Amino acid sequence: MIRVIAAVLVCLSSVLTATAQSPETVRSPREDKFRQLEEILPTPNTYRTASGAPGHQYWQQRADHVIDVELDDAAQRITGSETITYRNHSPDSLVYLWLQLDQNMLAKGSDTQLTATAPTLDRTSFDQLDGMLTRATFEGGHVIASVKDAKGQPLNYTIVKTMMRVDLREPLAPGGVVSFSVAWSYNINNARKVRSRSGYEYFEKDGNYLYAIAQWFPRMAPYTDANGWQHKQFLGSGEFSLEFGDYLVRLTVPNDHVVAATGVLQNPEAVLTATQRQRLKIAETAAKPVQIVTPDEVKAAESAKPSGKKTWIFKAQNVRDFAFASSRKFIWDAHRHDVGGNRVMAMSFYPKEGNPLWGQYSTAAITHTLDVYSRYTFTYPYPVAISVNAPVGGMEYPMICFNGPRPEEDGTYSARSKYGLITVVIHEVGHNYFPMIVNSDERQWTWMDEGLNTFLQYLSEREWEETYPSGRGEPRNIVEYMSSTDQVPIMTNSESLLQFGNNAYAKPATALNILRETILGRDLFDKAFKEYARRWKFKRPMPADFFRTMEDASAIDLDWFWHGWFYSTDRVDISIERVRQFTIDTRDPDVENPARKAEEDARPDSLSEQRNKAIPKAVDRDPSLKDFYNTYDRFAVTPREREAYAKFVAGLSPRERELLNSGLNFYLVELRNVGGLVMPVLLKLEYTDGTSEELRIPAEIWRYNSKDVSKLVMTKKELKAIVLDPNLETADTDLENNAFPRRPVKSRFQLFKQDGRQPNPMQMLERKPEAGPNTSPGTP
C-alpha cells in the first residue's frame with residue numbers, strides 16, 4: 001500500500017508534460033487500432049453513398065424467366081428450355097452477356113474436381129470410398145443444346161468452365177431489353193454419394209426417388225456498379241450472386257409426384273385431387289398445420305407406378321432464383337400464418353421417414369422464423385415459405401429450402417436431431433431475408449448472408465425456448481476458434497476461407513451479438529440493423545454499405561470494431577496485470593503514525609529473522625550498550641508534529657480540507673491487451689463488505705495505446721477483487737488473467753483402472769508353448 005498524495009500529483013505532472021511536447025518530438029511505434037476504414041472502403045459515389053445507403057442513381061439489372069422443364073424419373077435427368085428477358089438498367093452498353101452453368105462444377109475435369117485436396121485416408125468408410133469413386137465417374141455438367149435470339153436464330157456462345165458468354169447481335173444500350181432462349185439438359189447427381197447443393201435420394205426399401213433440384217437452369221450472372229460482370233468461377237464454397245426477376249415455370253413430372261417450388265401454384269385443379277384442394281382451402285384459416293397429402297396417400301403412391309405425366313405451373317415475382325422438389329414420397333402439410341399483415345402459406349414436404357420430427361416441428365419452425373426475422377428486419381414479403389426434407393444438409397432458395405435431419409428408423413430421435421432440425425429450418429428459412437431479399441454477393445462474401453443470418457438465427461433460437469442449445473452466437477462458444485492459428489480474416493473471399501463454418505457463420509454472428517449486447521446496446525443496434533435491412537431490401541449491398549449504415553444509424557464510430565473482428569485474426573485477451581492501491585496521506589500525525597506502525601507490525605518476519613530471535617544478543621549480555629534509541633518509538637506523536645499539522649490545516653480552504661479527509665481509496669488498475677483485439681473493458685469490482693458493482697469502459701480507452709492502459713478507480717470502499725468480463729460478453733480467450741488477485745482455474749480429470757497387457761500372438765491364437773530341448777516332463 002502506498003500512502004502518498006504526492007505520487008498522484010507527480011503522475012498528473014507527467015501527463016501534462018507529455019501533452020505539452022511539440023508534435024515533432026512525439027514518436028510512437030504503436031499500431032493504431034482506431035485507424036479509419038475510409039482508406040480501405042471504396043469511395044462513395046452516386047450509386048452508393050457515404051452513409052451506406054443506395055445513391056440517387058443506384059441501379060441493378062433485371063432478368064425475367066419463362067421455363068419449361070421435365071424431370072425424367074427413370075434416368076434421373078433434367079431437360080429444359082428457357083426464355084430470358086434481360087433489362088439493362090446500367091449506364092453501359094453491353095456487347096455480350098454472361099450466364100452461370102453451376103452444374104459444370106460436377107463435370108469431369110472441373111476445377112472443383114482438379115483442385116480438391118487429398119482426403120485423410122487413415123480411416124475411410126465404405127460410404128466415403130463409394131462417394132469418391134462415384135464422383136470420379138459421374139457424367140455431370142450442363143449440356144447446352146442451343147442458344148437462340150428472339151427470332152429463333154442461333155447466337156454465338158462460349159462456355160468457360162462454370163460460365164457461358166453469349167454474344168449479342170448488337171450492343172444492348174442503357175435502358176435496352178433483349179430476349180433470348182437456352183435449351184439444356186443434365187444428369188442429376190445422387191446427393192448421398194456426389195455431394196452438392198442439390199440432387200436426388202434413392203430409397204432402397206421402396207424403390208422410389210426424392211429430388212431436390214437447384215442450380216438447374218442457366219442463370220444470369222450479375223452486372224453491377226461495384227464489379228461489372230460478377231463471373232468468378234463456381235468452385236463450390238462461394239455460393240451465388242444473382243439478379244432479381246419474375247418467373248413462370250412449368251414443371252413436368254410423373255403424375256404421382258407432389259411438387260414444392262418457389263412461388264405460387266397456378267393450376268391446383270390440374271395436379272391435385274378435389275379432396276386435396278379442399279384441405280388446402282381449410283389450411284388457409286387453420287391455426288395448426290393441415291395435411292394436404294396424407295401418409296396413407298403417400299403409402300399408396302410408393303407402391304404403385306405412375307400412369308403418365310403432370311405439369312405443375314408456378315409463378316414467382318421479384319425473386320433472384322428458383323428451386324423445386326419432386327417426389328411421390330412427399331407428405332405435405334400447410335397452414336396460413338399472418339406475418340405483419342402478410343398472410344403467408346407456411347408449408348412442409350417430407351417423406352414418412354421424416355416423421356414424427358417433421359410433422360411436429362418443421363412448419364412450426366417456419367412460422368416462428370418469419371415472426372422473429374420480420375421483427376428485426378422487414379415484413380416477409382412473399383406469399384409462401386416452404387421447408388423440404390431432402391438429401392441436403394441445409395440449402396436455401398427464394399420461398400423454399402432443403403433440410404436434412406431425420407429421426408431414427410424406429411421413429412425415436414435424440415435431442416441433437418430434434419434441435420438440429422429446428423435449427424436448420426430457422427437458418428434456411430431465414431435466408432429468405434439474407435441473401436434472397438437483401439441480395440448480397442455470396443460468391444465474394446459468404447459472411448454477408450451466412451453471418452448475418454446466423455446472428456438472427458441465434459436470436460430466434462433464444463425465443464424458441466430458454467434453454468435452447470445454440471451452437472453459434474454466444475461469445476464463449478467462439479473462444480476455441482479465436483484461439484486457433486489456422487485462420488483468415490472474415491473479409492476473405494468465399495473460396496479461400498479456412499474453417500469455413502467458424503469463419504463465415506459463427507465469428508460474424510458472435511461479433512454482431514457482442515455489438516448488440518455490449519457496444520451499442522440492444523435498442524440502438526436493432527434500429528441500425530433494421531435500417532440496413534430496409535435500405536437494401538431487394539437491392540445488392542456490399543460490405544462497405546453494411547459497415548457505413550451501422551455507423552450512420554447509430555452515431556457510433558465502429559471502425560475499430562470492423563478492423564478487429566472482420567479485417568484481422570486478432571483475438572480478445574485482456575489481462576489485469578497489476579493493481580496498486582493508493583490512499584491520501586492526511587498528514588495528521590495522530591492518524592498517520594499509528595497507521596504506519598500497524599503496517600510495520602503487520603509485515604511478516606523473514607525466515608532469518610525468525611531463526612535469529614533465539615540467538616543471544618550483545619545488548620542483553622551488557623545492558624550498558626543500550627541508549628536512547630533502544631527505547632525510542634519513532635511512531636510516537638510529538639508536539640512539534642501536531643503543531644506542524646495544525647499550521648498545515650490552517651492554510652487549507654474548506655474544499656481542500658474536505659478532499660484531505662475524504663477517506664478515498666485510489667486503485668490503479670493496469671491492463672494489457674495480450675490478444676491484440678481492442679474491446680471494451682468490463683470490470684466487476686468486489687468489495688470487502690460483500691457488495692459489488694460493474695464498471696463498463698468503452699473500447700476507446702485503447703485509442704492512445706492499444707497495448708497497455710491503466711484505469712483509476714476511486715472508492716471509499718476497500719476492494720477485495722477485480723474480475724474482467726464477468727458476464728463472458730467479449731469472447732475473451734484466456735480467463736486465467738481476468739481476475740486480480742488470480743484465481744485457480746477449475747477442471748477435472750478421470751481415473752481409470754489400468755488394463756492388463758495386450759494378448760500376444762500366441763495367446764490370440766490360443767497356442768500353448770512347446771517344451772524346449774533342455775526340458776522334459778517330470779524333470780525336477
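Student: What makes up the lining of the largest pocket, by class?
Tutor: This is a predicted model, and in it the lining splits into 17 nonpolar, 15 polar and 10 charged residues. Gly goes with the polar ones in that tally.

Student: What is the volume of the largest pocket, and which residues are closest to its centre?
Tutor: The volume comes to about 1500 Å³. Of the 42 lining residues, Arg 135, Lys 193, Val 194, Arg 195 and Ser 196 are the closest to the centre. The elements giving two or more residues to the lining are helix 2 (111-115), helix 3 (126-137), strand 9 (199-203) and strand 23 (394-397). Helix 3 has the largest share, with seven residues.

Student: Why is Lys 329 called buried?
Tutor: The cut-off for buried is under 20% relative accessible area. Lys 329 has 0%, so it counts as buried. As for its place, look in the loop between strand 19 (324-327) and strand 20 (331-339).

Student: What makes the pairing of the Lys 329 and Asp 206 side chains a polar contact?
Tutor: The Lys 329 to Asp 206 side-chain contact is at 2.6 Å, and the one from Lys 329 to the side chain of Glu 353 is at 3.3 Å. Both values fall within the 3.5 Å limit, so both pass on distance. Beyond four places away in sequence, Lys 329 also touches other residues, among them Phe 203, Asn 208, Glu 302 and Tyr 350.

Student: How do you know that helix 14 is largely enclosed by the rest of the structure?
Tutor: Count the residues under the 20% cut-off. Eight of the eight in helix 14 (residues 559-566) are buried, so the helix is largely enclosed. Those buried residues include Trp 560, Phe 561, Trp 562 and Trp 565. The cover over them includes helix 9 (447-464), helix 10 (479-483), helix 11 (500-519) and helix 13 (543-552).

Student: Which residues touch the most other members of the largest nonpolar core?
Tutor: Trp 216, Phe 402 and Trp 565 do, in a core of 189 residues. Helix 7 (residues 357-376) gives the most to this core, nine residues. Setting aside neighbours within four places in sequence, the contacts of Trp 565 include Met 482, Ile 490, Ile 514, Val 572 and Leu 677.

Student: What is in the second core, and why is a set like that called a nonpolar core?
Tutor: This separate core has six residues, including Phe 582, Leu 660, Phe 666 and Leu 668.

Notes. Residues are numbered from 1 along each chain as its sequence is written. This is a predicted model: local features need pLDDT of at least 70, side-chain atom pairs count only at pLDDT 80 or more; totals for chains, interfaces and linings use all residues. Side-chain values use heavy atoms; hydrogens and water are left out. On a 1 Å grid over the protein atoms alone, a cavity is a set of points where a 1.4 Å probe fits but cannot get out, and a pocket is an open set with protein on both sides within 12 Å along at least five of seven lines; lining residues have an atom within 4 Å of a point. Grid points are joined across faces, edges and corners, and a volume is the space filled by probe spheres set on the points. Helices (H or I, at least four residues) and strands (E, at least two) are DSSP runs, numbered from the N terminus. A nonpolar core is a set of buried Ala, Val, Leu, Ile, Met, Phe, Trp, Tyr and Cys residues joined through side-chain atoms within 4.5 Å. Buried means under 20% relative accessible area, exposed over 50%, partly exposed in between (1.4 Å probe, protein chains only). Contact means heavy atoms within 4.5 Å. A polar contact is a pair of N or O atoms within 3.5 Å; within protein, one must be able to donate a hydrogen and the other to accept it, and residues adjacent in sequence count only if both atoms are side-chain atoms.
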